[in-house]
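Hi,

Here is the structure I promised to pass on.

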Amino acid sequence: MCNKIAQYRPFPGTNVSLYQINVRQSGSQLRTGLVFLDGVAAAESDSGEILIALDWSTLSGGSVPSPSVAAAVGTALLSTNFLADLHGRALAELPLHLVGHSRGGSVVLELARVLGAQGIWVDQVTTMDPHPAFGDPPLTNYANILYTDNYWQSLGDGLFVPNGQAVAGAYNRRLINLNGGYSSSHSDAHLWYHGTIQLSTPASDTGAILTQSERAAWWTAAEAAGARAGFLYSAIAGGDRFSGLQPAGAGQGRISDGLNKLWDLGAGVAGNRSRLPANNGLWPNLVRLNVSGQANLAAGQSLALTWYYQFGANTSATGVLRFQLDRDRNPYNDNEIALAQTVLAGTGANTVGRAVQSPFVGPNLPPGSYFLLGSLTCNSRTRHLYAPEPITIWPTRQPPAIVAEGASEYSFLLTVSGDPGQKIVIERTHDLSSWIPISTNVLPGSRLSLEDARSPAPGGQFYRARLLE
């Protein structure tokens, strides 16, 4: 969810769904509405990406505090009939990246709290020059946020151009050179982030233009003019959130600072999150899902997986975790192939579970490229998560064959046959016990001729072809 999406660029060859949530005051209540902006219907997207702009502009001047706006939006995300294109599914089933600028930073952090009260994890919260005002609560990084990044400045005059602030437990990137752009450092903070999405120059967020001058000055060398910053660390772009890189210089914040360390989710343990005031554990969560072994394998092999999860008010809850292979990253367009499923016991709201499994990839699985989808269901509620690692399935690979073609006084001719690309070692023995490797080759085609130019051992010798990979 973000404030500006007009110039968002999906990956080449994919499409996205673009919507806008409007929050307006009606009497003493806040009401939400949804408008389709562009792209394709959510269930038809081949990228699985649904971008939603939040328009609360009539309330942002101070009439309503950020928790009230967050509560209204949270209700919309939890509703099964808010987005008709999802055919009775709630937006909260999908991984969430919440993005907010200025007071919007307070809104998205409060929205994470609202969702957390129902047991929902948020994959990422991104704040840009966050500035609580008009009674908004302090910026709080809650326990149900996997990754938090914050881009802020203190270049404003405090009156017409407000300053942002750091967020405890986030990757905090302080912006110290924002000349140009809007000529307002507060607005330039979100133009800076936009420049990490739209990498062409000039770039525009429809409000200001980012020229070559800004490209050269706004990012450090490590950030490669915006290509290795900001949006790169979203789940969509797939940057390494575990990186120890300090883009702004030593002591100015590591990328990995933003990872949740309340539990050991792979980044160590530290108290960098605030416990949720309430968490009923109703929604099940795959917090992380990774292919931990070989991602290129033949049909008939096993796939090594590791995942972290949390659900249930206590350990008496039971969830079913299904793994599927998907040609795209949309869990709703019915092209998934079932792989395996397992039953999990609830963790309760104060524990995160970790598990591993190696499901078998059936020999009849069509070869090709896939994404691994994990779907965890408990009490008729489901949440989905794709592993970031793409998977390639090769046809079932037959063992190589070796044929003797003839011998001379000083050499022996062999022909090896198998699948193109197989890596094969040829071994020799005279006693069928001690095998000696004599040649290792990658088959360029289905056959390869070889010659062993050594004198045969007394009594003869034997050869075999052994598949390495």
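This is a predicted model: local features need pLDDT of at least 70, side-chain atom pairs count only at pLDDT 80 or more; totals for chains, interfaces and linings use all residues.

**Helix packing**

Helices α1 and α2 cross in the right-handed sense (right-handed if the near helix is turned clockwise from the far one by less than a right angle, left-handed if anticlockwise). Residues are numbered from 1 along each chain as its sequence is written, and side-chain values use heavy atoms, leaving out hydrogens and water.

Back to the pair: α1 and α2 (residues 103-116) pack at about 50 degrees, and their axes are 8 Å apart. Axes here are lines fitted to C-alpha atoms, for helices over the stretch in contact, with angles from 0 to 180 degrees between N-to-C directions. That angle makes α1 oblique to α2 (under 35 degrees is roughly parallel, over 145 roughly antiparallel, 65 to 115 roughly perpendicular, the rest oblique). On the α1 side, the contact (heavy atoms within 4.5 Å) includes Val69, Val73 and Leu77, and on the α2 side Val107, Leu111 and Val114 are among the residues involved. By class, the contact residues split into eleven nonpolar, three polar and three charged. Nonpolar covers Ala, Val, Leu, Ile, Met, Phe, Trp, Tyr, Cys and Pro, charged covers Asp, Glu, Lys and Arg, and the others, Gly among them, are polar.

**The three-stranded sheet**

What is the strand order in the open sheet of three? The order is β2-β1-β3, with mixed pairing; strands pair if DSSP finds at least two bridges between them. β2 (29-39) and β3 (50-55) each have a single partner strand, so one side of each lacks a neighbour in the sheet. Neighbouring strands are turned by 25 degrees against each other on average, direction ignored. Helix α1 (residues 66-78) packs on this sheet and touches β1, β2 and β3, its direction making about 55 degrees with that of β2. Six bridges link β1 (residues 17-26) and β3 in parallel, and isoleucine 21 sits opposite leucine 54 in β3.

**Around β6**

All eight residues of β6 (residues 145-152) are buried, meaning under 20% relative accessible area with a 1.4 Å probe, protein chains only (exposed is over 50%, partly exposed in between). β6 runs parallel to β5 (residues 122-128) over six bridges, and to β7 (residues 171-174) over four.

Cheers

Conventions:
Helices (H or I, at least four residues) and strands (E, at least two) are DSSP runs, numbered from the N terminus.
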